[in-house]
Protein chains: 2
Amino acid sequence: MKSIGFSTLMLSFLTGSAIAAQTDAGKAIEKPAPPTTAQVLANSSAHDWRQPDPANLLYLDLAGGGRVIMELAPAFAPRHADNIRALAREHYFDQLAILRVQENYVVQWGDPDGKREVGKAKRTLPAEFFRSATGLNFSWLPDGDVYAPEVGFVDGFAAARNSETGQAWLAHCYGTLGVGRDMGADSGGGTELYVVIGHSPRHLDRNITVAGRVLQGMEKLTVLPRGTGALGFYEKPEQYVSIQSLRVAADLPEAEQVPLEVLRTDTPTWNAYVDTRRNRRDSWFLEPTGHVELCNVGVPVRAVTMLAKAGQ
Amino acid sequence: MKSIGFSTLMLSFLTGSAIAAQTDAGKAIEKPAPPTTAQVLANSSAHDWRQPDPANLLYLDLAGGGRVIMELAPAFAPRHADNIRALAREHYFDQLAILRVQENYVVQWGDPDGKREVGKAKRTLPAEFFRSATGLNFSWLPDGDVYAPEVGFVDGFAAARNSETGQAWLAHCYGTLGVGRDMGADSGGGTELYVVIGHSPRHLDRNITVAGRVLQGMEKLTVLPRGTGALGFYEKPEQYVSIQSLRVAADLPEAEQVPLEVLRTDTPTWNAYVDTRRNRRDSWFLEPTGHVELCNVGVPVRAVTMLAKAGQ
């Protein structure tokens, strides 16, 4: 069976071939070939990985089975992160449903009847489309971007900024978690959430509040039947995909929490990783690209085994 | 239910509001607001649409139901287009299977056993990763690109070119149809084909032969269960998704052909369409983007009703 391209994390670790190089002094030395993606990750240390705060992790459990784990981004949408946590703690989403699956666009969930009470949570909030670029741990991606003056990563989230306006915002990449809204900027609040399941719709940037991103379980959303109504909404209640629960990881007993780690985006290992995404060095690739687009970088997530966790 | 963004073709056609403008002579006139995407398409004429050559249309019918319609791009991969047609005419793919579904990457089909005869078709062909940029009807997209010096569209296909090397090639966007290969550049030929189902993997450009793109039925591929093996391959034969047949539309009776039209990419209507993708004018959008990325433009496809067809 022929394969096209290689998956980052499934590669066996290839031994780098050595190439000869000349030092300034003219002495031939053996210089190792630049590493592949798999090699960079294999050589990473524990400090290259970040354990997300369980207060920022959401578990979306579908009634039919399947869990989607998302990380909130309170640095960009603090009010929405608080409100989504509040909604989850009131069990707002339990027995609600996925209402919309639009091909090459989004999966969206909420209350089909619009009758559920929000308790102490808010139904709407002021928009958090962007924030000040000041004070962010922004790892600049020098490869350029069609949509924004500058792009990069902030604590694992694909982001953009504009030095003229002083604004920074999260980018809509595959797997982005966003907050549905009506026509008004301030008409969303977190009672309807969506995840991007297609080619990254960057035209949504700064038009809607991004609340986080999916860390694990995208395939539970992407395989759902597409809605046949306008905008991919399901047309009949029996088509809805029922939600068992949406919980904040921190509210669960530790034994029920899923230990995940996210590659830090502010380390030399991160820079080495990005370079392997820019220039794929797996032997299948014949023509290195030399550039990488923001949503094609991908921020690795790994499951932490109990053994490794105990050993740290 | 809140919605995020609008689908191009499902929008009701809004009436453009009028804004006042001054002519050079200082006389106030009513200048219509720029059109929305839906308005551009609604105002298109029959000449703005292209009827693909049935010799370039492939119908992939899954045994479990569902048809995917693809258009070959012989201007870029003439040998592969010929060979894929030859394979289809030998019914090479019938009762073969989808072998691989990798999340955010590709669906791939072929012969799980590698034993099927290819008849007069070829098993491998010289690579067609790029061609001369000369002689192409290239509609340049001025918005820039992270991967290529220049991008645009050629007869409905997202493409790139490099004036220094004189090369042009097709870009890997969502829905791109490509030719699986092994390690060698010339190791593919069309017996294994793939379709991109995730964020556009542009790093594959010029590393593999692109044969065309999906015009209709992407949702028949994107909902398939993800393979749990390395690179998303299915691990057990019972997981394979059986193919009923793959046919060239031209080989079917006309009554069995699906009449589709593709928006031409070399007309003033096309330029107006792209501009509505660059600056979304639907009232939901608050912050126009001002740019559009190659794989986010989307080339509209429409079904031709019998009535409309008879009336032309």
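Me: What separates the centres of domain 1 and domain 2 of chain A, and what is that taken over?

Reply: The gap between the two centres is 31 Å, taken over C-alpha atoms. Keep in mind that this is a predicted model, where local features need pLDDT of at least 70, side-chain atom pairs count only at pLDDT 80 or more, and totals for chains, interfaces and linings use all residues. Residues are numbered from 1 along each chain as its sequence is written, while chains are lettered from A and ligands numbered from 1 in the order in which they are written.

Me: What makes these pieces of chain A domains, and where do they run?

Reply: The bounds come from an automatic or database domain assignment. That puts 18–50 + 261–290 + 304–311 in domain 1 of chain A and 54–256 in domain 2. Their contact takes 7 residues from domain 1 and 8 residues from domain 2 of chain A, where contact means that C-beta atoms, placed from the backbone, lie within 7 Å. On the domain 1 side, H4(A) brings the largest share, 3 residues. By class, that side has 3 nonpolar, 1 polar and 3 charged residues. (Ala, Val, Leu, Ile, Met, Phe, Trp, Tyr, Cys and Pro count as nonpolar, Asp, Glu, Lys and Arg as charged, and the others, Gly among them, as polar.)

Me: Which residues of H4(A) are called buried, and why?

Reply: A residue is buried if 20 or more other C-beta atoms lie within 10 Å of its own, exposed if 12 or fewer, and partly exposed in between, with C-beta atoms placed from the backbone. In H4 (residues 268–278) of chain A, Trp270(A), Tyr273(A), Val274(A), Thr276(A) and Arg278(A) pass that test. Their cover includes helix H1 (37–42), strand S9 (138–141), strand S17 (260–263) and helix H5 (294–297) of chain A. Over the whole chain, buried residues make up 46% of the 312 residues in chain A.

Me: What makes Pro35(B) buried, exposed or partly exposed?

Reply: Pro35(B) has 19 other C-beta atoms within 10 Å, so it counts as partly exposed. Pro35(B) sits in the loop between strand S2 (28–32) and helix H1 (37–42) of chain B. Its C-alpha atom is 8.9 Å from that of Tyr273(B), although 238 residues separate the two along the chain.

Me: How do you know that the length of helix H2 of chain A agrees with what it should be?

Reply: The expected span of a helix is 1.5 Å times one less than its number of residues. For the 12 residues of H2 (residues 78–89) of chain A that should give 16 Å, and the end C-alpha atoms are 16 Å apart, so the two agree. Among the buried residues of H2(A) are His80(A), Ile84(A) and Leu87(A). Just after H2(A), His91(A) takes a positive phi of about 60°.

Me: What counts as a helix or a strand, and how many does chain A have?

Reply: Helices (H or I, at least four residues) and strands (E, at least two) are DSSP runs, numbered from the N terminus. Chain A has 6 helices and 18 strands.

Me: Why are S3(A) and S18(A) called edge strands?

Reply: Two strands pair if DSSP finds at least two bridges between them. The open sheet of 3 strands runs S3-S17-S18 in chain A, with antiparallel pairing. S3 (49–50) and S18 (301–303) each have a single partner strand, so one side of each is left without a neighbour in the sheet. S17(A) and S18(A) meet the pairing rule with 3 bridges, and Leu260(A) stands opposite Ala303(A) in S18(A).

Me: What makes the two chains a two-fold pair?

Reply: Copies are superposed by least squares on the C-alpha atoms of residues with pLDDT of at least 70 in both. A rotation of 180° with 0.0 Å of shift along its axis puts chain A on chain B, with an RMSD of 0.0 Å. That is the relation of a two-fold axis.

Me: How do you know that the copies meet through the same surface?

Reply: 100% of the interface residues of chain A are also interface residues in chain B, so the surface is the same. The contact pairs up 59 residues of chain A with 59 residues of chain B. H3(A) gives the most to chain A's side, with 3 residues. By class, that side has 25 nonpolar, 20 polar and 14 charged residues.

Note on methods
Contact = placed C-beta atoms within 7 Å.
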